[in-house]
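The sequence and the structure come next.

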Amino acid sequence: MVIYRASDYASMSRKAANIISAQVIMKPDCVLGLATGSTPIGTYKQLIEWYNKGDLDFSRVTSVNLDEYKGLSGDNEQSYRYFMNHNFFDHININKSRTFVPDGTDPDSEHACARYNEIIREVGGIDLQLLGLGHNGHIGFNEPGSAFEKETHCVDLTERTIEANKRFFEKEEDVPRQAYTMGIKTIMQAKKILLVVSGEDKAEIVKTAFQGPVTPAVPASILQLHNDVTIVADEAALSKME
């Protein structure tokens with residue numbers, strides 16, 4: 001495990017974008033595993049900037065996203081497909097037919113998850129998986145207690161997650177109660193993993209996940225067992241690491 005200590009969010013974003021750029025340059029037809037949430041936005045902005053300068057070409061890249069809300073279509077502003085288009089795909093030359101997100105409109109959970117596992121296998125697996133880190137150690141929607149051996153599966157969102165998401169929706173009943181997410185096993189099968197973390201509020205979970213025991217109670221702790229993990233975090237997020 002390699003840990004890069006960045007001075008702030010902007011330098012964290014640049015460093016993470018640098019690592020993704022190197023992957024794309026070394027293997028132009030690579031498969032990128034991508035994440036949503038506020039932390040990676042700066043990384044995507046930096047990649048877009050370098051693309052606009054002519055430094056990067058995404059035309060042969062394939063992407064697979066970590067998760068999607070069950071019940072939301074890609075044109076819903078709260079869907080992760082919409083997030084990815086708005087924050088990244090619309091601004092680069094990636095072929096959108098090769099950008100994959102779990103199908104939130106498929107009501108058959110078993111079918112949706114099996115199909116997504118199949119897509120990941122068909123594209124040849126993930127070369128580099130980008131991850132964020134939840135306050136309770138979750139990665140993707142794999143909450144504490146998630147079995148390490150699961151592939152893509154349907155999860156019931158926790159009350160805390162539903163509560164946190166309420167502000168994005170007009171009515172509470174509009175908030176999705178379930179999501180499709182890559183499982184821990186799927187994430188661990190990526191050849192490389194890049195975790196981005198920012199902020200003092202993440203310092204405690206960073207210490208617990210990477211200096212504590214490997215346990216399903218802290219899903220991100222499993223990353224200690226992967227042979228190619230890079231953590232890029234700002235000073236604040238690393239402030240409790242010994």
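Val101 is in contact (heavy atoms within 4.5 Å) with Asn65, Asp67, Glu68, Arg81 and Tyr116, leaving aside its neighbours within four places in sequence. The model is predicted, local features need pLDDT of at least 70, side-chain atom pairs count only at pLDDT 80 or more, and totals for chains, interfaces and linings use all residues. Residues are numbered from 1 along each chain as its sequence is written, and side-chain values use heavy atoms, with hydrogens and water left out.

Val101 sits in the loop between strand 5 (99-100) and helix 4 (109-122). Helices (H or I, at least four residues) and strands (E, at least two) are DSSP runs, numbered from the N terminus. With a relative accessible area of 15%, Val101 is buried. Buried means under 20% relative accessible area, exposed over 50%, and partly exposed in between, for a 1.4 Å probe and protein chains only.

Val101 and Ile193 are 92 residues apart in sequence, and their C-alpha atoms are 18 Å apart in space. For Pro40 and His135, 95 residues apart along the chain, the C-alpha separation is 15 Å.

Helix 1 comprises 18 residues (residues 9-26), which at 1.5 Å a residue should span 26 Å; its end C-alpha atoms are 26 Å apart, in agreement. The expected span of a helix is 1.5 Å times one less than its number of residues. Buried residues in helix 1 are Ser11, Met12, Ser13, Ala16, Ala17, Ile19, Ile20, Ser21, Gln23 and Val24. Their cover includes helix 2 (41-52), together with strand 1 (2-6), strand 2 (31-34), strand 6 (128-131), strand 9 (192-197) and strand 10 (229-234).

Helix 2 has twelve residues and should span 16 Å at 1.5 Å a residue; the distance between its end C-alpha atoms is 17 Å, which agrees. Within helix 2, Gly42, Thr43, Tyr44, Gln46, Leu47, Ile48 and Trp50 are buried. These buried residues pack against helix 1, strand 2, helix 3 and strand 6. Gly54, with a positive phi near 90 degrees, follows helix 2.

How do helix 2 and helix 3 pack, and at what angle? The angle between helix 2 and helix 3 (residues 80-87) is about 40 degrees, and their axes are 10 Å apart. Axes are lines fitted to C-alpha atoms, for helices over the stretch in contact, and angles run from 0 to 180 degrees between N-to-C directions. Helix 2 and helix 3 are therefore oblique to each other. Angles under 35 degrees count as roughly parallel, over 145 as roughly antiparallel, 65 to 115 as roughly perpendicular and the rest as oblique. On the helix 2 side, Ile41, Tyr44 and Ile48 meet Phe83, Met84 and Asn87 of helix 3. The residues of this contact are five nonpolar, one polar and no charged. Ala, Val, Leu, Ile, Met, Phe, Trp, Tyr, Cys and Pro count as nonpolar, Asp, Glu, Lys and Arg as charged, and the others, Gly among them, as polar.
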